[in-house]
Amino acid sequence: MHGSQAHELAGLGRMTVTQLRARYATLFGEPTRAGNKAWLVKRIAWRLQALAEGDLSERARQRALELANDADLRLSPPRSSASALPPIFSTPTPKDRAKRDSRLPPPGTILHRPYKGEMLQVKVLRQGLEFEGQVYPSLSAVAKAITGSHCSGFLFFRLTPKGAAS
């Protein structure tokens with residue numbers, strides 16, 4: 001790597017996102033809408049090095065295209081097939097039912113919590129928690145329904161001592 005190139009690479013971190021976008025457009029020949037500074041710095045640095053040291057070989061490019069066009073390569077199922085799954089996949093298995101947070105009191109217990117002048121009651125079920133006729137999967141979900149924002153259900157219902165590490 002030449003001294004001027006190293007100096008330019010080092011200077012990328014001091015540039016603003018607007019300056020990086022302009023540099024990206026110059027190097028790649030097209031504008032970008034990206035606003036992530038770290039990503040822009042990496043892409044520009046890669047392009048500067050590729051221009052100075054040489055890009056991928058033609059053989060490597062061909063292989064990359066073959067891999068990209070491989071129809072069997074999927075990271076997630078198509079959206080349409082997700083709704084067409086057989087019902088067996090949506091039914092909890094006995095193993096799933098057995099996963100219950102050990103910090104919860106036994107099923108049938110009623111948790112009481114004063115909140116904004118009201119006494120709230122949550123019933124612990126074998127599978128979930130019931131609050132005002134609706135079943136929730138966790139104490140945090142109940143706490144979110146009550147407060148409108150995410151918070152620890154165990155802390156909200158005072159089942160965890162203050163200052164205790166989670």
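Q: Buried means under 20% relative accessible area, exposed over 50%, and partly exposed in between, with a 1.4 Å probe and protein chains only. What makes Arg158 count as exposed?

A: Arg158 has 56% relative accessibility; the class of exposed residues begins over 50%, so Arg158 is exposed. The residue lies in the segment after α8, and its phi is near 60 degrees, a positive value in a residue other than glycine. This is a predicted model, in which local features need pLDDT of at least 70 and side-chain atom pairs count only at pLDDT 80 or more, while totals for chains, interfaces and linings use all residues. Residues are numbered from 1 along each chain as its sequence is written, and side-chain values use heavy atoms, with hydrogens and water left out.

Q: Why is Lys116 also called exposed?

A: Its relative accessibility is 71%, and the cut-off for exposed is over 50%; Lys116 is therefore exposed. Lys116 sits in the loop between β1 and β2 and, although not a glycine, has a positive phi of about 50 degrees.

Q: How is the secondary structure of the protein counted, and to what does it come?

A: Helices (H or I, at least four residues) and strands (E, at least two) are DSSP runs, numbered from the N terminus. On that basis the protein has eight helices and four strands, in the order α-α-α-α-α-α-β-β-β-β-α-α along the sequence. Of its 166 residues, 20% are buried.

Q: What makes the pair of Phe28 and Trp46 stacked?

A: Rings of Phe, Tyr and Trp (its six-membered ring) pair if their centres lie within 6.5 Å; planes under 30 degrees apart count as stacked, over 60 as edge-to-face and the rest as tilted. The centres of Phe28 and Trp46 are 6.5 Å apart and the planes stand at 15 degrees, so this pair is stacked. Phe28 belongs to helix α2 and Trp46 to helix α3, so the pair ties together parts that are 18 residues apart in sequence. Trp46 has a relative accessible area of 39% and is partly exposed. Ring pairs also link Tyr24, Phe28, Trp39 and Trp46 into a cluster.

Q: Why is the pair of Phe156 and Phe157 called edge-to-face?

A: The angle between their planes is 85 degrees, and edge-to-face applies over 60. Phe156, at 7% relative accessibility, is buried, as is Phe157 with a relative accessible area of 5%. The structure holds five aromatic pairs.

Q: How do α2 and α3 pack, and what makes their crossing left-handed or right-handed?

A: Axes are lines fitted to C-alpha atoms, for helices over the stretch in contact, and angles run from 0 to 180 degrees between N-to-C directions. Helix α2 (residues 17-28) and helix α3 (residues 37-53) pack at about 30 degrees, with their axes 10 Å apart. A crossing is left-handed if the near helix is turned anticlockwise from the far one by less than a right angle, and right-handed if clockwise; α2 passes α3 in a left-handed crossing. Contact means heavy atoms within 4.5 Å, and the residues of α2 that meet α3 include Leu20, Tyr24 and Phe28.

Q: What makes a nonpolar core, and which residues have the most contacts inside the largest one?

A: A nonpolar core is a set of buried Ala, Val, Leu, Ile, Met, Phe, Trp, Tyr and Cys residues joined through side-chain atoms within 4.5 Å. The largest has 16 residues, and Val142, Ile146 and Phe157 have the most contacts inside it. At least two residues each come from β1 (110-115), β2 (118-125), β3 (128-131), α7 (139-147) and α8 (153-156); α7 gives the most, with four. Beyond neighbours within four places in sequence, Ile146 is in contact with Tyr115, Leu120, Phe131, Phe156 and Phe157. A second, separate core has ten residues, among them Leu9, Leu12, Leu27 and Ala45.

Q: How do you know whether Arg113 is buried or exposed?

A: Arg113 has 11% relative accessibility, and buried means under 20%; Arg113 is therefore buried. This residue of strand β1 has its C-alpha atom 8.3 Å from that of Phe156, 43 residues apart along the chain.
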